[in-house]
Amino acid sequence: MDIKTASSLHRLRLVSAPEAVSFILLLIASVLKRTTEFNAVPALGMIHGILFVIYVLFWADAWNRTKWDLKTAALYFVLSVLPFGGFVAERKLKRAADDAVIASRARREGVVKA
């Protein structure tokens, strides 16, 4: 994996958890808006919208660089629209990055000829 591909995956991973948190907070604010006088939906909606757009841009860049198959790309997109999906995406991306580092070290040390 080259540095640009690793960077695109790292960026996607970095934005996935904050995007998930903003989505959950927006859901909570929506409930509070309906049940109380508290209305944070406009502010949280804007924050979540910006984070979601950033996530989609980073997702498209990662898909382009990693050459994911359609199933993998769709999985990461669907995870972005589920309330806790961003946390799952972050965990899967971290695991994939760790596996890539281990494989790179093994190739460099001559353990694996791939």
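View A. The end C-alpha atoms of residues 9–95 lie 11 Å apart, and the span is 86% helix and 0% strand, where helices (H or I, at least four residues) and strands (E, at least two) are DSSP runs numbered from the N terminus. Residues are numbered from 1 along each chain as its sequence is written. Because this is a predicted model, local features need pLDDT of at least 70 and side-chain atom pairs count only at pLDDT 80 or more, whereas totals for chains, interfaces and linings use all residues, and side-chain values use heavy atoms, without hydrogens and water.

**View B. The largest nonpolar core.** This core has 13 residues, of which L12, Y55, W59, W68, Y76 and L93 touch the most other members; a nonpolar core is a set of buried (under 20% relative accessible area, 1.4 Å probe, protein chains only) Ala, Val, Leu, Ile, Met, Phe, Trp, Tyr and Cys residues joined through side-chain atoms within 4.5 Å. Two or more residues come from each of α1 (3–35), α2 (41–66), α3 (70–80) and α4 (85–108), and α2 gives the most, with four residues.

**View C. Surroundings of W68.** Leaving aside neighbours within four places in sequence, W68 is in contact (heavy atoms within 4.5 Å) with L9, L12, W59, A62, W63, A73, Y76 and L93.

**View D. E19 in helix α1.** E19 lies in helix α1 and, not counting residues up to four places away in sequence, touches H48, L51, F52, Y55 and S80.

Notes
Buried < 20%, exposed > 50% of the residue type's maximum accessible area, 1.4 Å probe, protein only.
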